[in-house]
Amino acid sequence: MNKEYAEYAVEKTRELIAIDSPTGYTSAAMDWVVSQFRQLGFAAELTNKGGVFIDFGGKDDYGIMFDAHGDTLGAMVSGINSCGTLKIVALNGFNANNVEAENVKVYTRSGKVYEGTIQLHNPSIHVNTKYNDTARTFDTVEVYLDEDVKCKEDVKALGINTGDFVCADPRFRVTESGYIKSRFLDDKLSVGMLMAYGKFIKDNHIQLPHHLYGHVTVYEEVGHGASATCPADVKEVISIDMGCVGDGLECTEKMVSICAKDSKGPYNYEVTTKLINAAIASGADYAVDVYPRYGSDVEATLASGHDIKHGLIGAGVFASHGYERSHMDGVLNTLKVMESYMNQ
């Protein structure tokens, strides 16, 4: 595994992030994901739930599955104010504190898309004497449309209604020093890595020793992404998701994180040990951490009754659920662990 595949992963991440896919509005992004895996030569199909299932093949019938999720945070129109601004409600972890002044798109059910900005009500500091003291919540911020609207009726005439999706500008960029900055690296960066691993398999004509499946899920951000679509021969499921970076944790953006425990409990001891051994064998720069506020797709698989062993890895991501940052080295280290794990 070399840097070429990390660069490919990041480029595919860039392309996927450009397709808005908040939880509940993911079909365009998942159609693109299907096309990308098929172009690599793999059987890929949409699930009834809207995710993508991929078969990477393998020599034996000991099934392993890599999960990554393609749904992101976002918001939904919950009402229209009398002045023509939009009330919005968060889709799970979307946080008003870090989306104030962010550009957004509003997707209507007729197919029309409108632009706007999330702002505090009465947002001019030259006018609002309570600007600094106002808590930022979805009761105090709203969407100002970039349209000539002055009342609720003007907005309704555009075809905007309660239930329409609101998507923040991801602002994707890669710096010369290798840092990857964007909203929604959680978890589109991992989808890019799953594609890069598939390209690695194809480029090198690898027949894996164990049967490998991939599952790009939707609805992870609301807790039931991977609750279905787990073949009967799958014995181990690894969630490839963001690795946490923050106070009290060892992981950085340049490392691959191996999670030993999160808010739902410990990950499988045997699988976690195999992941650590894979990191050591591949020379990957890694950290083992306990995540205090986290839950992953594979826990939904367990909760739905599947008899599997579970693990979690991911490239380190700083400022999760905000304007996130990772690094090309973290991507490469994660790919090294994926390759090494499948060779055990």
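Which side-chain oxygen reaches to within 3.0 Å of the backbone nitrogen of Glu 4 at the start of helix 1? A side-chain oxygen of Asn 2 does.

The views below come from a predicted model, in which local features need pLDDT of at least 70, side-chain atom pairs count only at pLDDT 80 or more, and totals for chains, interfaces and linings use all residues. Residues are numbered from 1 along each chain as its sequence is written, and side-chain values use heavy atoms, with hydrogens and water left out.

View 1. Helices (H or I, at least four residues) and strands (E, at least two) are DSSP runs, numbered from the N terminus. Among the buried residues of helix 1 are Tyr 5, Tyr 8, Lys 12 and Ile 17; buried means under 20% relative accessible area, with a 1.4 Å probe and protein chains only. Their cover includes helix 2 (27-39), strand 10, strand 11, helix 4 and helix 7.

View 2. Three strands in the order 10-11-19 make an open sheet with antiparallel pairing. Strand 10 (173-174) and strand 19 (324-327) are at the edges with a single partner strand each, so one side of each has no neighbour in the sheet. Two bridges join strand 10 to strand 11 (residues 179-182) in the antiparallel sense; strands pair if DSSP finds at least two bridges between them. Arg 173 lies opposite Lys 181 in strand 11. Helix 7 (residues 328-342) packs on this sheet and touches strand 10, strand 11 and strand 19, where contact means heavy atoms within 4.5 Å.

**View 3. Tyr 197 in helix 4.** Tyr 197 belongs to helix 4 (residues 185-203). Its relative accessibility is 2%, so Tyr 197 counts as buried. Not counting residues up to four places away in sequence, Tyr 197 touches residues including Met 1, Phe 66, Leu 208, Leu 335 and Met 342.

View 4. Strand 6 (residues 103-107) and strand 7 (residues 113-120) pair in the antiparallel sense over five bridges, and Asn 103 has Thr 117 as its bridge partner in strand 7. The two strands form a hairpin with five residues between them, and Gly 111 in the turn has a positive phi of about 100°. Strand 6 also runs antiparallel to strand 9 (residues 165-168), joined by four bridges. Val 104 has Ala 168 as its bridge partner in strand 9.

Technical notes: Axes fitted to C-alpha atoms, helices over the stretch in contact; angles between N-to-C directions. Buried < 20%, exposed > 50% of the residue type's maximum accessible area, 1.4 Å probe, protein only. Polar contact = N/O pair within 3.5 Å; in protein donor to acceptor, adjacent residues only side chain to side chain.
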